[in-house]
Number of protein chains: 4
Amino acid sequence: MIPRYSRPEMVAIWSPETKFRIWFEIEAHACDALAELGVIPKEAAKTIWDKGGKATFDVARIDEIEAVTKHDVIAFLTHLAEIVGPDARFVHQGMTSSDVLDTTLNIQLVRAADIMLAGVDRVLAALKTRAFEHKDTVRIGRSHGIHAEPTTMGLTFARFYAEMDRNRARLVAARKEIATGAISGAVGTFANIDPRVEEHVCTALGLVPEPVSTQVIPRDRHAMFFATLGVIASSIENVAIEIRHMQRTEVLEAEEFFSPGQKGSSAMPHKRNPVLTENLTGLARLVRMSVVPALENVALWHERDISHSSVERAIGPDTTVTLDFALHRLAGVIEKLVVYPENMEKNLNKFRGLVHSQRVLLALTQAGVSREDSYRLVQRNAMKVWEEGKDFLEELLADQEVRAALSEEDIREKFDLGYHTKHVDTIFKRVFGNA
Amino acid sequence: MIPRYSRPEMVAIWSPETKFRIWFEIEAHACDALAELGVIPKEAAKTIWDKGGKATFDVARIDEIEAVTKHDVIAFLTHLAEIVGPDARFVHQGMTSSDVLDTTLNIQLVRAADIMLAGVDRVLAALKTRAFEHKDTVRIGRSHGIHAEPTTMGLTFARFYAEMDRNRARLVAARKEIATGAISGAVGTFANIDPRVEEHVCTALGLVPEPVSTQVIPRDRHAMFFATLGVIASSIENVAIEIRHMQRTEVLEAEEFFSPGQKGSSAMPHKRNPVLTENLTGLARLVRMSVVPALENVALWHERDISHSSVERAIGPDTTVTLDFALHRLAGVIEKLVVYPENMEKNLNKFRGLVHSQRVLLALTQAGVSREDSYRLVQRNAMKVWEEGKDFLEELLADQEVRAALSEEDIREKFDLGYHTKHVDTIFKRVFGNA
Amino acid sequence: MIPRYSRPEMVAIWSPETKFRIWFEIEAHACDALAELGVIPKEAAKTIWDKGGKATFDVARIDEIEAVTKHDVIAFLTHLAEIVGPDARFVHQGMTSSDVLDTTLNIQLVRAADIMLAGVDRVLAALKTRAFEHKDTVRIGRSHGIHAEPTTMGLTFARFYAEMDRNRARLVAARKEIATGAISGAVGTFANIDPRVEEHVCTALGLVPEPVSTQVIPRDRHAMFFATLGVIASSIENVAIEIRHMQRTEVLEAEEFFSPGQKGSSAMPHKRNPVLTENLTGLARLVRMSVVPALENVALWHERDISHSSVERAIGPDTTVTLDFALHRLAGVIEKLVVYPENMEKNLNKFRGLVHSQRVLLALTQAGVSREDSYRLVQRNAMKVWEEGKDFLEELLADQEVRAALSEEDIREKFDLGYHTKHVDTIFKRVFGNA
Amino acid sequence: MIPRYSRPEMVAIWSPETKFRIWFEIEAHACDALAELGVIPKEAAKTIWDKGGKATFDVARIDEIEAVTKHDVIAFLTHLAEIVGPDARFVHQGMTSSDVLDTTLNIQLVRAADIMLAGVDRVLAALKTRAFEHKDTVRIGRSHGIHAEPTTMGLTFARFYAEMDRNRARLVAARKEIATGAISGAVGTFANIDPRVEEHVCTALGLVPEPVSTQVIPRDRHAMFFATLGVIASSIENVAIEIRHMQRTEVLEAEEFFSPGQKGSSAMPHKRNPVLTENLTGLARLVRMSVVPALENVALWHERDISHSSVERAIGPDTTVTLDFALHRLAGVIEKLVVYPENMEKNLNKFRGLVHSQRVLLALTQAGVSREDSYRLVQRNAMKVWEEGKDFLEELLADQEVRAALSEEDIREKFDLGYHTKHVDTIFKRVFGNA
């Protein structure tokens, strides 16, 4: 977790304070259920809530105890006993540490997912606004980095919207994957604790009971969760790469917003670098790198080993914090992106008329020229534009073989930009609905 | 794709013959729609279906043409023209190669998903059968590879069932991710082709039109697809590792089925190695290795670059073929797994009574002994079993401090195995329902 | 292994024929050593060489036997016995299958490394030639995709040369990593075979005896090998990305060679896409994806498990074949790259004079202006060029505050391109030596 | 970077204080060289050393400035000016930020490598000690987790030593990879700074000048560095997995040292879990996860983009801190590992005599029995041991067909353990030399 790539809201989820608070709530809810079942006294459960509920857990004190016991949950329970008094002996009855730890991790991941969903929503809102703003801003579509046919800037935003909207659905599914809890004891048999305790605790905390757990909640869930974050990060990279390309000196169709006080370079004061989107490219790598260890975490030995734990201590906070930050950075970039329609037009016209070659090819075919001949005719004239800087329209009009198949009017009609944008509304309807 | 780790059914999806057949169907369906829209003659569309529908495409001939044109779709269309005759000029009108290629890839992935779903179902059936067979076969539960508390072999199968069932749902979702098609032209604007052609082709082929495409279908879909396969592979590894552990010489609670003619080792004839599950461990790595390149494929330049293509040529077939094979290998291993309940019992009793320590600890606490003292008392007696091979029950009965809190009857009752299996039915109901 | 991304020379290394030939040689060399030690008759060793040396091993027959024995080495030895006759019983004495398999794998990897070294050398030669050819071809250096200061195309080639030269050294080291053999028996103790057999076989086959093996050669060696291939692939991507950027329509400083018969697109005949370097970008991902499974292969259980084997069956051939192909594709691209110096000049001058801002900044500082003021002055004038299309030199000459510090001559001198290329020779000497 | 998996010595390398100190040293050494070349006054260089050398840089103040300038090096230089006074204007002349940042990163990595080398040395020392201690402690060698033939615990330690010794050599090579510096200006042409400055600074700081840089030092170097750390981590996992297996309840051939105050489980006080080696398994995953992003960092756009930077901010500290911690944790585990030779003997004898089957097989072959018959005979008797718990020696002595080939004495001799350990000294000499 790198401070400069962190937002406090997400960082707070992973603080010791939050963790101990969740531990307490799990234990206290379990006490309620145990009291209800008659296993422990109801007054004890009440005392635990009363004293623990308003207590501030002393992280330093817990660390101190853990230094001796080398066991974090025992350290916490010892500290809790200091706060609650004798009734603390009813806490954690029949439970195992992992009941607390695993349920807590999932609560943290659920909260993290909720925050990230808000981040995705901000990205979506920005993309939608910019998409409608530039629905009809024509620019050249490119494949292989080479000019192809006209499209609009709005379509670019719209496809990022559609992609991010899929990511939203994936994140909702991923959240569901890890919204489970387990209070099932040392090997998951509920030998020492009634399954109804698990049900009570999970319901109270917005989770679903894990149908069958061992000592731990199965890690295929977390693997799926982090894999999903990896996909979202890759989509962020996708948008970032587009903007980096647009900001290239030679292209310059858009720029990240450049605040007045900002210095682009210690050496070249005129430079305005797409540093935010470059940064997002790197952050995407950081998010993605958690996918493989999360997958490696799935195969635990028998009812559990603890190899996954150190991995999750790192990727739990780091990956969610980084992705959350990246989402908001991306949203900011999109919201404030400076778009240059005039440069788009300039680029579009760079090879005078060549972008219309596909239409001419089609027209020739439809006029009865064979596919091979049509291709040859178009390529012959296209090459003059490419290599000699000629104007494509003029060349076509002067090409007798072309003219034998197409009239001047026919040919001129092929150079109408409106031809390319006529279905933009259809696509927007598909993406944004009728709103 | 390694022949020994391949099943013909899945391999066939990726053959050139299958590919060209799909290409043809896309083109022919598109012709139907174009004819319906009046763009091309209806007879032409009919001729194309008539002649192409019964033709066998000559892979060698297409390769020959491609060697000259260096373009696969043009090579195919040229060959198609050889078959269909003059009406072939109406084929591919307004389309771009990627319309065909991308839609084809998705059709192949959908078919691959269907085959893999059948594989998952076979695994599920096997797990369910074995789970009920061994529902009450008690064995020691282990955490950290160390004996913990009793569980049953049925619960082990049940949790693998639940995990694989989640994978089934994930695979269904992943199938949906890539069940889209696009016939949207060079940069996705439908400039040269009516969106209704796309709708017709997709419907005819069981796909949904991609709401907004560029030249290609967005690769976040494929990233999600391969990430899902990576999770499934990790679950396979999870089962494989369990079986490998069970087959260890010192544990020997189960063995892969060993066919009479099979030789375990050229040097040690008595050896029966868990080679299938070791192999599955390796295959899981192979499936997983496609996840990162699939994620790296998401960020294409502008409306597309072709960097993703070579990656998909490899991981498309290799990953689906490998995972499909692994699912069936796993199913076979589970179906025929030789389980040794007597060895499970022997292992359970290895440390005479020690597995009941948790219960005794709890009983002491409930009898009013402080948590710290209870822990100390249990550990004191446990260590004698561990280090001196004593019997845990006898030691407890002889420990005056313990006896001060618990009667002999109380203590003996803590050594009842039924205590640990009393909720097995509850868990089975959660996993398998009331069936 | 994808045929279109394969060269026959490398593919041949991984054929069954090659594999069985190596198996035979290991066995036959071992017989020589065993005969020398008096363990088996010298005539037997001779017969084995005589009959096996000229035999063609029948792959189909071996497969047939393996289908029964389910053990590849036993199948081979059975077939060898069919060829050699009764003396075949002296073959494989005291050896274990892995002695043969692991030593063979390493021989294949060594040969693959040698072929890849030749590929690297071809890339190096191409880079060197093009570097000297364009040593003084000035083009704009870019950071963040934004124009920075002038550099030369030769320097670009030179740095790729230096990087690839490091890769050469790494590949030599990686080759050494896996150039070991082991004939040490079932668990590596040489219980049934004299260590001198291992020494003889290794020496005869150009390997070093593995100092301590188990049943297998330790896999940290292979992990290092594949990790090195991953680094080389990433360098290939580095060059590929540079060329893809240069070929962008708006940049167009270079193009992949475009053969006359080649068609760039089925729709847009004028398009010349950087498909080879895009392909290399994808191939780099394919090579890299072997790194993680190779790392996961290191931790084998005890003296060995066979989880690594399926992984190596895939990545052994696939990764070396792909990287080999990529190296030659890259070499071809570089050898024939079409460079456009005139476009480089055009791009350099896009922002009239702005590339010299750093020099002006420095001159101001050296003339006694504070860093902050210098920065402000340069930026003020730079912005006029950027936003209003003014000429930087003229603006500076007209800026009174600038002129207070620098004379016209001083300022003009800062716009000399030679200033930027004056150390090119120094750098070339560092990279290429005095050759 | 997780505090509980960190050692202060390594953490200190990555503190802001250390970073700014290195920045200062680079700038100050550069001033020396610039003064020597007559570019800046010698007194200025002296003043900078005098004032900056004894200053404590105020991290909070620098952060404050950066909040405005959004540029870290400018912020530092501004702060340095506050300390040094007017002569500060001579600092950073002709340099670019990356000259400082990249050279600093490499210095940090070199220091990190040195600390990790010390960690590797501690592991090596521990392994060597334990190897000699248990050189002749016989235990069963296993392949596939199944008993194979006897080996010794010393050989296990020896092979880990050999593997870690290779890692040492790799780490030395990796250190050399990144022990370069660059002071080459905005695009690496030395336009504004003499190459002799770079040489001076590098020499003063123990680095080699990067032969050809762009704005940055090429990232193939760092990719190789992190890939190497990934290999080392995998070797750590290899040792960890071995120990985890040894500590399994059913195997119990060794245990991690268990300190008196330590509690193994909140529920099962007798449990002694291999938590350190399980933890090492997880830490290995964390180290390895940096390899892919480091490879992805190689392909930067043109003379640089900044996508690598955020990645390195994370993996630079995190990966080195984690690996360093893991090395020392591993060393501690090995140093204090509790080995149980008596349990090794017990396990060895689990299948009465079966481990000698390979020797008997060989003896039969050498006595003239065909390979197939020998195999059949051995397997026949082995199965009786395996399935009926018979004694292998007794069965063989009673098998008439076996006795037809081998005398009682012959057979008994095959059951001598010394046969398996006779080459241990040879192997130790290979690994440890004659020391």
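**Exercise 1. How do β1(C) and strand β2 (residues 146-152) of chain C pair, and over how many bridges?**

Solution. Step 1: the two strands run antiparallel and are joined over five bridges; strands pair if DSSP finds at least two bridges between them. Strands here are DSSP runs (E, at least two residues), as helices are (H or I, at least four), numbered from the N terminus. The model is predicted: local features need pLDDT of at least 70 and side-chain atom pairs pLDDT 80 or more, while totals for chains, interfaces and linings use all residues. Residues are numbered from 1 along each chain as its sequence is written, chains are lettered from A and ligands numbered from 1 in the order in which they are written.

Step 1: one bridge links Val138(C) with Thr152(C) of β2(C).

Step 2: two residues lie between the strands of this hairpin, and His144(C) has a positive phi near 60°.

**Exercise 2. Is strand β1 (residues 138-143) of chain C mostly covered or mostly open?**

Solution. Step 1: apply the cut-offs. A residue is buried if 20 or more other C-beta atoms lie within 10 Å of its own, exposed if 12 or fewer, and partly exposed in between, with C-beta atoms placed from the backbone.

Step 1: six of the six residues of β1(C) are buried, and the strand is mostly covered.

**Exercise 3. Why does Thr78(A) count as buried?**

Solution. Step 1: locate Thr78(A) in helix α5 (residues 72-84) of chain A.

Step 1: Thr78(A) counts as buried because it has 20 C-beta neighbours inside 10 Å.

**Exercise 4. How many residues of chain C are in contact with chain A, and which element supplies the largest share?**

Solution. Step 1: count contacts, meaning C-beta atoms, placed from the backbone, within 7 Å. This gives 35 residues of chain C against 35 of chain A.

Step 1: α15(C) supplies the largest share of that side of chain C, six residues.

Step 2: sort this side by class: 16 nonpolar, 11 polar and eight charged residues. Ala, Val, Leu, Ile, Met, Phe, Trp, Tyr, Cys and Pro count as nonpolar, Asp, Glu, Lys and Arg as charged, and the others, Gly among them, as polar.

Step 3: 100% of the interface residues of chain C are also interface residues in chain A, so the copies meet through the same surface.

Terms used
Contact = placed C-beta atoms within 7 Å.
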